Amino acid sequence: MDILKVFPRSSRINEKGNLEIGGVDTVDLVREFGTPLFVYDENHIREQLRRYRNAFLENGIDAIVAYAGKAFLCKYMARIASEEGAYLDCVTGGEIYTALEAGFPAERIFFHGNNKGDEEIEFAIENGVGYFVLDSFDEIERLSSILRKRSLKQDVLVRITPGIVPKTHTYIQTGQVDSKFGFSLASGQAYEAVIEVLNSKNLELKGFHMHIGSQIFSLEPFIAACKVMADFCLSVKERSNYLPSIINLGGGLGVAYRLTDEPPSIEEFISTLSKALKEEFSTRGLSLPVVAIEPGRSIVANAAVTLYKVGTIKDVIGVRLYVSVDGGMSDNLRPMLYGAVYEAFIANKMNRAPETTVTIAGKHCENGDILIRDVKLPFPEIGDIVVVPVTGAYGYAMSNNYNRQPRPAVVFVKEGKATLAIKREKYEDLIRNEIT
Ligand SMILES: Cc1ncc(COP(=O)(O)O)c(C=O)c1O
């Protein structure tokens with residue numbers, strides 16, 4: 001099996017037997033930037049964005065590809081998305097701020113969220129954010145009132161919950177009726193929301209949005225979502241003579257975390273989606289609006305790895321060999337949060353065959369702070385560099401300071417060059433906001 005399958009596309013094993021990404025030896029990266037360290041392959045990210053765009057072009061669909069910033073956002077990442085012509089899905093004022101500071105065009109931002117605060121709404125409006133994705137009746141009221149006071153108009157989409165339950169972890173299912181997101185179709189609230197928006201003088205309804213969940217391998221739920229979207233468009237047209245100019249189908253395409261995972265490719269995904277949309281809209285006599293999607297994970301997950309140093313090795317004889325690294329749930333919460341499973345390798349022993357089964361433990365004061373259970377590695381030694389691939393999405397984005405652990409650094413590599421995008425936090429950063 002090709003062990004590099006889950007690694008960033010530019011990865012290779014060099015003559016020293018070390019892992020190299022973007023033409024840079026990861027052992028050198030550790031020497032220069034320390035550990036834990038996130039390493040992103042810039043060209044991998046650019047290529048993923050282009051694959052989405054080209055796939056839509058090939059299927060003759062007028063499309064918007066919006067990168068879901070929640071997966072991983074910093075100024076450097078926002079600049080890549082901007083240069084690649086992508087739109088951006090933001091969920092907080094903080095994500096919008098980061099994007100704007102990077103020079104990301106505000107008009108290409110979709111502002112999501114089930115509880116946008118007054119200050120966030122004002123910040124977004126003042127900065128000319130392109131689209132609000134409306135999520136509740138309270139938000140319609142709040143946004144309208146803020147706009148009315150300023151005599152302004154805002155383009156919006158209405159988020160609907162389609163009642164589709166894809167097979168994925170319950171924490172990342174979002175399309176079911178019992179969800180904190182969106183307006184349910186089944187109850188009729190989605191249609192009520194559309195009417196409220198159409199009746200508002202300050203809101204300009206541009207279309208509808210749905211997102212069924214994340215890390216989805218089967219394309220069936222997406223096909224079902226296209227049908228639900230087309231049904232809703234037809235019903236709104238028949239009842240109110242309104243046709244959307246944009247339909248946004250959210251993100252959700254799964255990625256391979258393990259060597260045995262076989263998710264659909266971006267090309268298969270978009271071709272299936274395009275076919276379903278064309279069919280569902282044309283059979284209802286509707287013209288297809290601009291199609292927007294919001295992939296996050298499938299853009300950045302496989303584009304990055306995390307490098308750790310082995311600190312202690314403890315053999316609980318007859319039970320388990322614990323290999324402890326200098327990070328853990330503070331830089332990768334996913335194993336703790338929803339039992340996510342990863343592969344691991346030793347970056348300075350990539351040519352060595354696996355010799356023993358180990359459990360990679362984090363350094364935090366929680367017994368459950370285990371990054372990977374039962375992974376086969378060459379005999380580990382103190383000082384070895386453990387590399388965990390596929391940490392590019394919802395890794396750094398969910399990082400935290402548990403146990404007052406400073407957050408790691410993030411570098412982007414490309415054509416033999418490494419650029420430090422986010423500095424490693426220092427102890428002083430941990431008390432920066434403390435007053436006494
Ligand atoms: C509204 C919305 N759009 C897009 C995404 C991105 O999903 P993914 O990273 O699975 O592509 C999410 C993820 O939770 C989301 O909630």
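**Figure 1. Separation of domain 1 and domain 2 in the predicted model.** The centres of domain 1 and domain 2, taken over C-alpha atoms, are 36 Å apart. In the domain assignment of the protein chain, domain 1 is made of 3–41 + 301–430, and domain 2 covers 112–295.

**Figure 2. Contacts between domain 1 and domain 2.** On the domain 1 side, twelve residues are in contact with domain 2, where seven residues take part. The side of domain 1 that touches domain 2 has nine nonpolar residues, one polar residue and two charged residues.

**Figure 3. Ile 382 in the loop between strand 18 and strand 19.** Strand 18 spans 370–377 and strand 19 spans 385–389, with Ile 382 placed in the loop that lies between them. Ile 382 counts as exposed because it has 11 C-beta neighbours inside 10 Å, and a residue is exposed if that number is 12 or fewer.

**Figure 4. Ile 382 and residues from other parts of the sequence.** Leaving aside residues up to four places away in sequence, Ile 382 touches Val 310, Gly 311 and Ile 313. Val 323 is 59 residues from Ile 382 along the chain, and the C-alpha atoms of these two residues are separated by 8.9 Å.

How values were computed: Residues numbered from 1 in each chain as written. Predicted model: local features only at pLDDT ≥ 70, side-chain atom pairs only at ≥ 80, totals over all residues. Helix = DSSP H or I, 4+ residues; strand = E, 2+ residues; numbered from the N terminus. Buried ≥ 20, exposed ≤ 12 C-beta atoms within 10 Å, placed from the backbone. Contact = placed C-beta atoms within 7 Å. Domains from an automatic or database assignment. Nonpolar A, V, L, I, M, F, W, Y, C, P; charged D, E, K, R; others polar.
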